[in-house]
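Work through the exercises below with the model open. Try each task before you read its solution.

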Amino acid sequence: MDKRLLKKANLGKLIEGVTAKGGVFVAPVREAGEVYYRPVTGAEEVVLDHILPKKPFKEFFFPQTEVIASFEGHKDQVELKGYESVIEETVIFAARPCEASSTASLRSVFTWDFVDEFYTNREDRAVVMGLACIRGDRACFCTSVELAPDTTEGSDILLKETVKGDFRAEAVTDKGKAFMERHKAVFEEGGTEAVETKKIFEPEKLDVDLKRISRWLSQKANYESPLWAELSRKCVGCGACTFSCVTCHCFDITDEGTYFEGERRKNWDACQFEFFTLHAAGHNPRDTQYKRWRNRFMCKFNFYPEKFSSKGCVGCGRCIRVCPVRLDITEVMTEISRTG
Amino acid sequence: MEAAMKNLYLPHLVTIEDVYQETPDVRSYRLVFKDPGVRDTFDFKTGQFGIYSAFGYGESSFCIASSPTRKGYIQCTFRQVGRVTGALAGLEVGDTMGFRGPYGNWFPIDEWKGKNIVFVAGGIALPPVRSVIWNCLDRREDFGDITIVYGARTVEDLVYKNELAHWEERNDVNLVQTVDPGGETPEWKGKIGFVPTVLEEVAPKPENTIAVMCGPPIMIKFSLVSLEKLGFSDEQVYTTLENKMKCGVGKCGRCNVGDIYICKEGPVYTAAQVKRMHNDF
């Protein structure tokens, strides 16, 4: 049951098989010219001619906004109600292998010591079906961060498109294997290596050494290096890189409504915003943009790998594509790797 | 049936049992958990903090200002500066707040048995130190000399005035109060001068002594110099750091100083540890 063939013609049946049981089937769809991961109900909605969706699929595990509690205040008491994350099975179809590998990173943050079950409940019930990349662009750099366009890391099932347009499916995890078993009517025999697949895209490899970067970042003196201000000078602090990043996990907790009736929400936030670390009394430890940019870069290439033993950057290139001032993270990586 | 999800961010409900107006913009609340089960079992260690909420306005993090030796309630002290503390300041006896915690590490006072302790605090930074002071005073026989050097900008800005009077009276505590030059009143009997200067006058002996310090960054900076002059090593000096926090549990990404999450690995550090950190607080 490890290697099977998923015919494109059977994709509709698979979607139906998942959604009929109350599950959510998420796949890339086109909306106003852009591709996004969205829940679908039919195969005709799914597009596969894109490079990668505009936003990562992390929002299905860690939504941009979610209610964690609601309250009703009365004259002499408050009624408080806690919320739970919905735990329907969620299938992420045609996930890009780079972002599939980031799930372990988010999990490492949401589970160290304290467990955020809003996150883990969803991720535990998710089946990630990665699809190896047959196309990419100049912003792709997964091979420079020790990944590959057909990496199995983080996927429960890895799909490769065959020359006929079907999918060779390989179970990577037990969860993936069980999923294929449950839907064995559509995962047919004949997914062996003998079936010819389309050529995998090869992104250009950068001249960077991640170990050197991390080592340079670990040295306290380099925290005050003039390089930071130089390299991030054009950053305008819009936060687009963080909102499109697969491993960015920062959030805010805010109340909406009033004391009489309101909700407490967990909302995405960004370390690039000036107010993010501003103390109520006026002090701000990261009071200029280069300090905020430095924090983000260090988070990706030092905190994640050293503190959480996971990847901070998977080379998806979204931050490069969305940056309004073309601040290219690979240029900074190259510079620091050269210096370090 | 799957077990119900554990909601990490759901606060306990607490009732304000008593209110103290410490200064024109600083208030203390004595809080009691509404749930009797929580009230009976809630425990914490001195130096830990909590996330307090004003429903409809949001959450803020401050220390637990009471001592863990005082059971059945917790106390918080805060200055009214923003949206949440503004809303909290509007509450009165009988009103309901939210509380999550305790979070973070603590002062290792069990390791300090038999030692002298010098407390150094400035302004609104007395609350976290107050928890340690009462914890030590409630186990007075475990410690040697106890000295408290506390200063504020003006007489009006001194918090816990009743307790300062009580500590002043006790013969097992050496309390030295000071206000910045110009902050005194005609009736003021304490010292006039900045905390680091007064600390050098008091000149506590470094032998077998621990210093616990909390205050504004400028006070910390110069008090560290004073303690060094007096012969204290960085391992003998403890402080508690503050950074903006939202989750309190190492997830929201705000309070980090380099790769150190103050909320989870702190907020209590020795001066030696603080000096090794990146300059991000």
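**Conventions**

This is a predicted model, in which local features need pLDDT of at least 70, side-chain atom pairs count only at pLDDT 80 or more, and totals for chains, interfaces and linings use all residues. Residues are numbered from 1 along each chain as its sequence is written, chains are lettered from A and ligands numbered from 1 in the order in which they are written, and side-chain values use heavy atoms, with hydrogens and water left out.

**Exercise 1. Describe the contact between chain B and chain A.**

Step 1. Count the residues. Contact means heavy atoms within 4.5 Å. Chain A brings 55 residues and chain B brings 49.

Step 2. Get the area. Buried area is the accessible area (1.4 Å probe) that two parts lose on being put together, summed over both. Between these chains it is about 4,300 Å², and carbon and sulfur atoms give 56% of that.

Step 3. Count the polar pairs. A polar contact is a pair of N or O atoms within 3.5 Å; within protein, one must be able to donate a hydrogen and the other to accept it, and residues adjacent in sequence count only if both atoms are side-chain atoms. There are 32 residue pairs in polar contact between chain B and chain A (both at pLDDT 80 or more).

Step 4. Assign the chain B side to elements. Helices (H or I, at least four residues) and strands (E, at least two) are DSSP runs, numbered from the N terminus. On the side of chain B that touches chain A, at least two residues each come from β3 (49–54), β4 (58–63), β6 (96–103), β14 (260–261), α7 (262–265) and α8 (271–276). β6(B) gives the most, with three residues.

Step 5. Sort by type. Ala, Val, Leu, Ile, Met, Phe, Trp, Tyr, Cys and Pro count as nonpolar, Asp, Glu, Lys and Arg as charged, and the others, Gly among them, as polar. The side of chain B that touches chain A splits into 19 nonpolar, 17 charged and 13 polar residues.

**Exercise 2. Trace the salt bridges.**

Step 1. Count them. A salt bridge is a side-chain nitrogen of Lys or Arg within 4 Å of a carboxyl oxygen of Asp or Glu. Six lie between chain B and chain A.

Step 2. Take one across the chains. Arg254(B) and Asp269(A) meet at 2.5 Å, N to O.

Step 3. Follow Arg264(A). One salt bridge goes to Asp255(A), at 2.6 Å between the closest N and O atoms. Both residues are buried. Another goes to Glu59(B), at 3.2 Å. This pair crosses from strand β12 of chain A to strand β4 of chain B. Glu59(B) counts as buried because its relative accessibility is 4%.

Step 4. Look for a network. Salt bridges link Glu66(A), Asp116(A), Arg122(A) and Lys266(A).

**Exercise 3. Find the nonpolar cores.**

Step 1. Apply the rule. A nonpolar core is a set of buried Ala, Val, Leu, Ile, Met, Phe, Trp, Tyr and Cys residues joined through side-chain atoms within 4.5 Å.

Step 2. Take the largest. It has 76 residues, and Ile92(A), Leu217(A), Phe297(A), Met333(A) and Tyr9(B) have the most contacts inside it. α9(A) supplies the largest share, seven residues.

Step 3. Find another. Apart from this core lies one of 37 residues, including Ala121(B) and Trp134(B).

**Exercise 4. Is Glu189(A) buried or exposed, and what does it touch?**

Step 1. Glu189(A) is exposed, because its relative accessible area is 61%.

Step 2. Leaving aside neighbours within four places in sequence, Glu189(A) is in contact with Arg4(A) and Leu5(A). Its side chain makes a polar contact with that of Arg4(A) at 3.2 Å.

Definitions and conventions
Buried means under 20% relative accessible area, exposed over 50%, partly exposed in between (1.4 Å probe, protein chains only).
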